[in-house]
Amino acid sequence: KGLSKELGQTVIVENKPGAGTTVGTHYVVRSAPDGYTMVIGGIGSIAHSKALVKDLPYDPGVDLVPLQLVSTNSYTLSARTGFGPKTLQEVIAYAHANPGKISMGTPGQATGQAVATALFKSFAKLDMLEVQYKNAPPIYVDMMAGRIDIFFDATGTAQAFVKSGKVRGIATSGSKRDFILPNVPTAKESGLENMVLENWTGLFAPAKTPRPIVLRLREAIGKVASTDEFKKQMTARGYSLFSPADVDAFIKEEVKRWPPLLAKAGLKPR
């Protein structure tokens, strides 16, 4: 809505689901680089996909140009209410003393939740029972029923369960405490220094889009993202506003940084 007004053009949202965002992203990569086709991309589809998707038909760092990032969100490690350990260090200590005993739900390998899980297991050197689900809702059902011990999920989703007392918040993955769960400490402040994962989201265009068009779109996106209406809608959904000063340099570094980290955490392309 905001972009339609700012650009004087009708902006249509066309959902192209499939293959963990690969289908929609590839569609935009192959589109005419004229500024009329963009894709919403996040850390998963842009920085993680090369390390997680086998035979990816494009290179996100080469075939797309970032227009602007607009938001970021953390992940929250939560536990069933009857789970003994209360803090992150207690969870780690219990896992070390009881290898393979803690059950942890994940909704598929290429998801942000699975990445958070893999990083947690790698950084803390944990041996846990990972239970695969198709999506997140059934994991909460099993957590509340006492069948799953812990789950790393997007904070915007987890916060409703934590605030209602249906699950217990253990730690968040952000560089600082999340504004919607201020009483839950970060993994970093809980002693797991490297456990920082923030899912940024923004808009991207085909790489050969002329620079003047890229700059015009960046200007329009920036104006929309700075409005009170946009800020209100995003924060209500648990997102923090995020717009790096040099988006080109930021994306270049993220695309370079994540594949070796994911490989070290044991995640392989599928």
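Strands E1 (residues 39–42) and E8 pair in the antiparallel sense over four bridges; two strands pair if DSSP finds at least two bridges between them. This is a predicted model: local features need pLDDT of at least 70, side-chain atom pairs count only at pLDDT 80 or more, and totals for chains, interfaces and linings use all residues. Residues are numbered from 1 along each chain as its sequence is written, and side-chain values use heavy atoms, with hydrogens and water left out. Helices (H or I, at least four residues) and strands (E, at least two) are DSSP runs, numbered from the N terminus.

**The four-stranded sheet**

- The order is E1-E8-E2-E9 in this open sheet of four strands, and its pairing is antiparallel.
- E1 and strand E9 (240–241) are the edge strands, each pairing on one side only.
- Strand E2 (residues 64–73) runs antiparallel to E8, and eight bridges join them.
- Ser-71 has Thr-201 in E8 as its bridge partner.
- Two bridges pair E2 with E9 in the antiparallel sense.
- Thr-72 has Ser-240 in E9 as its bridge partner.
- Strand E8 (residues 199–206) is mostly covered, with eight of its eight residues buried (buried means under 20% relative accessible area, exposed over 50%, partly exposed in between, with a 1.4 Å probe and protein chains only).
- H11 lies across E2 and E8 and runs at about 85° to E2.
- Axes are lines fitted to C-alpha atoms, for helices over the stretch in contact, and angles run from 0 to 180 degrees between N-to-C directions.

**Helix H3 against helix H11**

- Helix H3 (residues 43–52) and helix H11 (residues 247–264) pack at an angle of about 40°, and their axes are 8 Å apart.
- H3 is therefore oblique to H11 (angles under 35 degrees count as roughly parallel, over 145 as roughly antiparallel, 65 to 115 as roughly perpendicular and the rest as oblique).
- On the H3 side, the contact includes Ile-43, Ile-46 and Ala-47; contact means heavy atoms within 4.5 Å.
- On the H11 side, the contributors include Ile-251, Glu-254 and Trp-258.
- By class, this contact of H3 with H11 has 10 nonpolar, one polar and one charged residues (Ala, Val, Leu, Ile, Met, Phe, Trp, Tyr, Cys and Pro count as nonpolar, Asp, Glu, Lys and Arg as charged, and the others, Gly among them, as polar).

**The five-stranded sheet**

- This open sheet of five strands has the order E5-E4-E6-E3-E7, with mixed pairing.
- Strand E5 (129–132) and strand E7 (167–172) are the edge strands, each pairing on one side only.
- From one strand to the next, the twist averages 30°.
- Five bridges pair strand E3 (residues 75–80) with strand E6 (residues 150–154) in the antiparallel sense.
- Leu-77 stands opposite Phe-152 in E6.
- Helix H6 (residues 112–124) packs on the sheet and touches E3, strand E4 (103–106), E5 and E6; the direction of H6 makes about 130° with that of E6.
- Helix H7 (residues 137–144) also packs on the sheet, touching E3, E4, E6 and E7; the direction of H7 makes about 145° with that of E6.

**Tyr-58**

- Tyr-58 sits in the loop between H3 and helix H4 (60–63).
- Tyr-58 counts as buried because its relative accessibility is 5%.
- Leaving aside neighbours within four places in sequence, Tyr-58 is in contact with Thr-21, Thr-22, Thr-25, His-26, Val-29 and Asp-63.
- Lys-101 is 43 residues from Tyr-58 along the chain, and their C-alpha atoms are separated by 40 Å.
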